[in-house]
Amino acid sequence: MQRTLCFLLVLSIAAGCRQAGDSATSHITITGIDSSRKPGDNFFMYVNGIWYDSAQIPASQSGVGAYSFMNFPQRIRLQGILDSVAASNNTAGSIEQKVGDFYASGMDTATIDKRGYEPIKPLLSAIDGITDITSLLKVATDEQKIGDGSIIGFSVGPDDKQSTINIAQFYQAGTGLPEKDYYFKSDDATLGIQSAYKKYLSGLFELTGLDAASAVKNADITYGIEKQLATSHRNNIELRDVKANYNKMSVATLAKKQPNLQWPALLGNLGVKVDSVNVAQPAYYDKLDQMLKSVPLDDWKIYLKASALSNFSNFLSRPFAEVAFQYNKALSGQAVRKSRAEEMTQAVDRSLGHALAQLYVKKYFPEDAKKRVALLVDNLKKALAARITRLDWMSDSTKAKAKEKLQAFTEKIGYPDKWRDYSAVDVKRDAWFENVLSANKNDYNYRVDRIGKPVDRTEWYTTPPTVTAYNNPPMNEIVFPAGILQPPYFDVNADDALNYGGIGMVIGHEITHSFDDQGAQYDKTGNVTDWWTKSDYDKFRARTQQVIDQYNQFTVLDSMHVKGALTVGENTADIAGIAIAYDAFKMTDQGKDSTKIDGLTPDQRFFISIARIWRVKTKDEFMRTYVNTNPHSPATWRVNGPLMNFTPFYNAFNVQPGDKMFKPENERIVVW
Ligand SMILES: [Zn+2]
């Protein structure tokens, strides 16, 4: 589990219908309000109910909605670019050639199917050649370089205590289910996923020519090893503990502590030449060290084969991808596979994303959006600074430091000034599997080369066409890619109410991440330090505890509860993000005015915009996995949760005692 950046959206859901706000008119009419519902009972459904009740989720998707509204045209645009460059005669080595041939090689299912699992045979025979722990670790590190992590969770990133320098980081790894708890829970839904996973593993083995009984046996052995490894894992709530994830150790100490892992050789094989590394979750490496001895070598070989097959199943012939899809179906509820073109568009975005992005922004990104959004960011920062000044629970000395941190923010908007270089990636039109490996190798070298070097502050951790935003605490930065600078989040033709309730809320959310349960532990330079007074920090923690307690009450799929402790950072960012966006909106002419548009006051339009950006409807299987694993609350609670804590919302829609969202004023949570 690598460092989690606070991505706004981790969903990738496509398709859906067009909504008000997506046409380029100077006046945006809001339609679809469900006046049969009371806004104070369920504001999400008041705004989205008519749409929600009639929306159909296409069989090839796990959901539809506002994200889809964004992602559907986005995918069509990217796919259009790829179809066009794949059909052109491009200069060898050009971006167009790499991207076009990469995509074309993935679309060439005839060649892919004809090759069956032949592309992965060299990896499987390398595993067969393992004779001892030393050769096992050599194979595992070699596979790391082509994108199969298996037992080693290796990454490169800023040192949390010296954030200007990149260090090698080791995270818990080795498991295939979405999270630790999936191995140990025994409710029906979890048992179903465990069995789908084992079926997936045995299915992969069968496709390599094993009889059914041997394939099942291999799946059981693999699952057994994973479950043992999982006992040492931290769960996704424990992983939020920033300080617990920092354990910088010398290689000499590690060599003594975990002798079977043979750290000096392991690091040498990885190409990492350093004296110390961060072992984020040391218990995992203790367990792995012990299991390298206790688990028979033949079982490890089976495990490594399962890892390789599983990791690359989507890049082999159709039957492999089909088996993988069946497992994914259990997690997401998606009934049929996406079109090949949709899958390949995502694959190009993953492997050569910054090349595709260059073609995308040239064609679709309006440069003036940068300036407009920069202005919004400035206004939001002013609004938060003013809120900090007014806080009644924080001392002046902590306030001054919080403001310094806010002023030190970097913002990235649209796309990077400097693009990733893919010149070392070898792309051939008839070699899909090898193309993927070449991109993975390039990515690996790119990461390893950065160890011990100054952090590149211009780097982007998402591709620009992605519909997301993020906050990166070690760099004290917020990032808004081109993909999110579109309706319903942002529209150059919309009134301020809609833009402040849309992208404004997103900006407020990202800014707040610097001051949520995790972000608050990083100072203005991106180092983890105690910059708070103890008493202020205790008061802050008491407030985030209120957020945890409140969100624990919220139900999903009738009986499931939101995990308050897992989602506290995102919920804090939602609660404060809306408040900051609202304050900034009140600084605009429209915010100070009361002129109605289509019968709606400026404040009403602001709140409706918030509910519209989270419009989404998902399959139950998807929602179950999401609530168990995702640090964001479900869409309904990203709207109703913060708003039930926000008094101006009560005033805008006359929310009264007896309404389901009503909370007495002294119970409304304010963190920032
Ligand atoms: Zn977030």
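## Helices H8 and H12

Helix H8 (residues 212–231) and helix H12 (residues 297–312) have axes that come within 9 Å and cross at roughly 95°. The two helices are therefore roughly perpendicular to each other, a term for angles of 65 to 115 degrees. Axes are lines fitted to C-alpha atoms, for helices over the stretch in contact, and angles run from 0 to 180 degrees between N-to-C directions.

H8 contributes Asn 218, Ile 221, Thr 222, Ile 225, Glu 226 and Leu 229 to the contact (heavy atoms within 4.5 Å). From H12 come Asp 299, Trp 300, Ile 302, Tyr 303 and Ala 306. These residues of the contact of H8 with H12 comprise 7 nonpolar, 2 polar and 2 charged. Ala, Val, Leu, Ile, Met, Phe, Trp, Tyr, Cys and Pro count as nonpolar, Asp, Glu, Lys and Arg as charged, and the others, Gly among them, as polar.

The model is predicted: local features need pLDDT of at least 70 and side-chain atom pairs pLDDT 80 or more, while totals for chains, interfaces and linings use all residues. Residues are numbered from 1 along each chain as its sequence is written, and side-chain values use heavy atoms, with hydrogens and water left out.

## Helices H15 and H21

The axes of helix H15 (residues 368–390) and helix H21 (residues 564–585) cross at roughly 110° and come within 8 Å. H15 and H21 are therefore roughly perpendicular to each other. On H15, the contact involves Asn 379, Leu 380, Ala 383, Leu 384, Arg 387 and Arg 390; on H21, Ala 579, Ile 580, Ala 581, Asp 583 and Ala 584. By class, the residues of this contact are 7 nonpolar, 1 polar and 3 charged.

## Gln 326

Gln 326 lies in helix H13 (residues 318–332). Its relative accessible area is 40%, and Gln 326 is partly exposed, that is, between buried (under 20%) and exposed (over 50%), with a 1.4 Å probe and protein chains only. Lys 199 is 127 residues away along the chain, yet the C-alpha atoms of Gln 326 and Lys 199 are separated by 9.1 Å.

## The chain as a whole

The protein chain has 26 helices and 11 strands; helices (H or I, at least four residues) and strands (E, at least two) are DSSP runs, numbered from the N terminus. Along its principal axes, the C-alpha trace spans about 75 × 55 × 50 Å.

Of the 672 residues, 60% count as buried. Among contacts with a separation of 6 or more, 75% join residues 24 or more positions apart.

Key
Parallel < 35°, antiparallel > 145°, perpendicular 65-115°, else oblique.
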